[in-house]
Amino acid sequence: MTHDMKSSPASLCGDRERERCLITTMGRFTPFLFGCSTVTFTFSIFILFSPLPLAPSIPKQLHVDNDHHTIPIIKPNQSEDDERCDLFKGGWVRDGKGSGYNNWSCRSIPESKNCFKHGRKDDEFVQWRWKPNGCHLPRFDAATFFTLLHGKKLAFVGDSVSRNHMESLLCLLSQEEAPKDIYKDSEDRFRTWYFPRHDFTLMILWSKFLVEAEERMNNGTASGVYDLYLDKIDKSWAEKVAAVDYAIFSNAHWFFRPIYLHKNGKLIGCVYCNDEGIEEVGVGGALRMAFRAAFQYMNGCEKCKGVVTLLRTFSPAHFENGTWNTGGSCSRTSPLDEREIKSGGFERELGNIQLEELERAKMEGGMKEIKFGALDVTTAMLMRPDGHPGAHWDNKWMQGYNDCVHWCLPGPIDAWNDILLAVLVREVG
């Protein structure tokens, strides 16, 4: 990946040094991030993430797809087309149709993702769609989705980017039927919507790490340092997932902070700790262990038989010229070309780790009644530094800070649901 703008400390590192640089950069700001309760509360949104600063190059003109009608559409029971088409390799092509909704037709868009409402003037970023190599990926169709999932329940299991995905799907489905908001917990982390005409339930099951976690306290103040217990699944989702038909797992950004990993009563490693005598396993190592534990739970859960378990891979952040708390921003207005991204970089490595654990779960599951599938969005989203809220979000508590982690609604994240529907049709339908 080339750099045409001033780079952050981490972005000056080579590929092998990227994670080490992130550790160093985070270490410099540990007193600022975790030193006092006021800062921890005020900056809670970005303290949750500490994401990767990226510095992509200026985008080139992308291919305009004018002949997509000659490319075979994805259809169920067409194994030859299915095998020939990899949904997750491709590029972004211009599409003058824009999004299937806007911030007037979808009233459930949260303030933090409503980029147009909060001053974003360009609309170039919604004029692209994801096109796999070798086939045409249809636009999301709510009627088809409802037909396929009539009478079913689908849950997103993960962090606020997982919720971002769910919010995109909610907007797309609401163009076909207005949902009923039937449940919200006191912290607005667990939500459930119901579409009565189609008897379909959509929910978010919030989880920081998928496994049980406990934040360390320092004189009664949250420290931002976590202990993870890899042999104990987070009950907040585990106690509910057996009641759904489809579960989409995703997580990663919470792992970019100091973490101590425990298993069978022993401390087995850490992330960003630099403690003598404790193995530094890195973000990827911790992420691998957490997803392995989650998928093993699904395979061993007797009540979960029949639950279709999908993985949505790592969604990269795009901070340039700094991190979230050092002036980092994301002000691009067009996608990158496939040639301009680092396909073998650290972000892709995290996505591959998740996919490896999914494949491991498939093999361990054998003939059990658990179906596993993937939504590999990592490479596609590496190309979309233009799709984040940036400064265009409801940041009255964090004025001057940019959100380059989540995605605008409408925006590139809507393509995740084009892919989701295609996966459901091909692998589940």
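Strand pairs and aromatic rings

Biologist: In this predicted model, Tyr229 stands opposite His262 in strand 10. What makes strand 8 and strand 10 a pair?

Modeller: Pairing needs at least two bridges. Strand 8 and strand 10 (residues 259-263) have 4 bridges, in the parallel sense, so they pair.

Biologist: How do you know that strand 7 and strand 8 pair?

Modeller: Strand 7 (residues 211-218) and strand 8 (residues 221-233) are joined by 7 bridges and run antiparallel. The requirement is at least two, so these strands also pair. Ala213 stands opposite Leu228 in strand 8. In the hairpin, 2 residues lie between the strands, and Asn219 takes a positive phi near 55 degrees.

Biologist: How many aromatic pairs are there?

Modeller: The count is 21 aromatic pairs. For Phe140 and Phe145, the ring centres are 5.5 Å apart and the planes at 45 degrees.

Biologist: Why is Phe140 called buried?

Modeller: Its relative accessible area is 14%, and buried means under 20%, so Phe140 qualifies. Phe145, at 0%, counts as buried too, as does Phe146 at 1%.

Biologist: What makes the charged end of Arg216 sit over the ring of Tyr260?

Modeller: The distance to the ring centre is 4.0 Å, and the limit is 6 Å. The charge must also be within 35 degrees of the ring normal. Likewise, the charged end of Arg384 sits over the ring of Trp92, 4.5 Å from its centre.

Conventions. Residues are numbered from 1 along each chain as its sequence is written. This is a predicted model: local features need pLDDT of at least 70, side-chain atom pairs count only at pLDDT 80 or more; totals for chains, interfaces and linings use all residues. Side-chain values use heavy atoms; hydrogens and water are left out. Rings of Phe, Tyr and Trp (its six-membered ring) pair if their centres lie within 6.5 Å; planes under 30 degrees apart count as stacked, over 60 as edge-to-face and the rest as tilted. Buried means under 20% relative accessible area, exposed over 50%, partly exposed in between (1.4 Å probe, protein chains only).
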